[in-house]
Amino acid sequence: HAEGLARSFLADRGSIDPSLVKQALALAAIQGDSALFNEYRRRFETTNVPTDREPLLNALGSFRDPALRSRALSYALTGPLRPQELFWVVGAVSSVPRQQDEAWAWWQNNYDVLTAKMPPEYAMYVTFWAGGCSEERLKNAEAFFADPKNDRPGTKAQLSRVAEAVRTCRAL
């Protein structure tokens with residue numbers, strides 16, 4: 001059903017309820033192929049409708065094929081994204097628990113490049129990708145942000161919140 005809705009949206013963006021667009025595109029991407037990935041990317045780059053940008057970027061991060069997921073993360077790093085959009089692709093990737101370590105590693109590996117593209121006050125939110133239920137990922141993040149070059153304003157407080165959430169998840 002979601003694949004049908006996504007096809008309808010791609011044929012005529014007004015053909016489905018706007019509240020279904022983001023989920024339909026993302027669900028269709030789960031088993032999607034390179035052709036669908038390329039179509040989503042093309043639509044993102046050519047849309048004149050600001051509200052279509054987030055669903056399309058979210059969908060790019062929703063592909064489960066590792067090669068397409070890698071392409072999506074690369075695109076998030078090098079594509080024509082606005083600062084507030086830098087979180088959307090990797091947010092979709094990390095929504096799958098078994099992909100959370102991959103998303104966190106991507107942030108670590110690209111931290112300097114990504115934070116240079118965003119307003120300074122956004123950098124503290126990178127700590128969010130160390131969340132989940134992994135004590136190991138949290139310890140890794142604590143070490144990463146202990147490095148003075150990665151300690152941006154607000155990072156310590158935000159990381160403290162993430163740590164509390166991870167420990168609560170572990171306790172549950």
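Guide: Start with one pair. This model is predicted. In it, the side chains of R82 and E85 meet, with 3.9 Å from N to O.

Visitor: Why is the contact of R82 and E85 called a salt bridge?

Guide: The cut-off is 4 Å between a side-chain nitrogen of Lys or Arg and a carboxyl oxygen of Asp or Glu. R82 and E85 are at 3.9 Å, so the pair counts as a salt bridge. Side chains of opposite charge can pair when their charged atoms come close.

Visitor: Is E85 buried or exposed?

Guide: Buried means under 20% relative accessible area. E85 has 2%, so E85 counts as buried. R82 has 40%, which lies between 20% and 50%, so R82 is partly exposed.

Visitor: What does the salt bridge of D112 and K149 tie together?

Guide: The side chains of D112 and K149 meet at 3.6 Å, N to O. D112 lies in helix α7, and K149 in the loop between α8 and α9, so the pair ties together parts that are 37 residues apart in sequence.

Visitor: Which helices hold R167 and E135?

Guide: These two side chains also form a salt bridge, at 3.6 Å. R167 lies in helix α9 and E135 in helix α8, so parts 32 residues apart in sequence are tied together.

Visitor: How many helices and strands does the protein chain have?

Guide: The chain has 9 helices and 0 strands.

Visitor: What makes the chain as compact as a globular protein of that length?

Guide: Its radius of gyration is 17 Å. The globule rule gives 16 Å for 172 residues. The two values are close, so the chain is as compact as a globular protein of that length.

Key: Residues are numbered from 1 along each chain as its sequence is written. This is a predicted model: local features need pLDDT of at least 70, side-chain atom pairs count only at pLDDT 80 or more; totals for chains, interfaces and linings use all residues. Side-chain values use heavy atoms; hydrogens and water are left out. Helices (H or I, at least four residues) and strands (E, at least two) are DSSP runs, numbered from the N terminus. The radius of gyration is taken over C-alpha atoms; the globule rule is 2.2 Å times the number of residues to the power 0.38. Buried means under 20% relative accessible area, exposed over 50%, partly exposed in between (1.4 Å probe, protein chains only).
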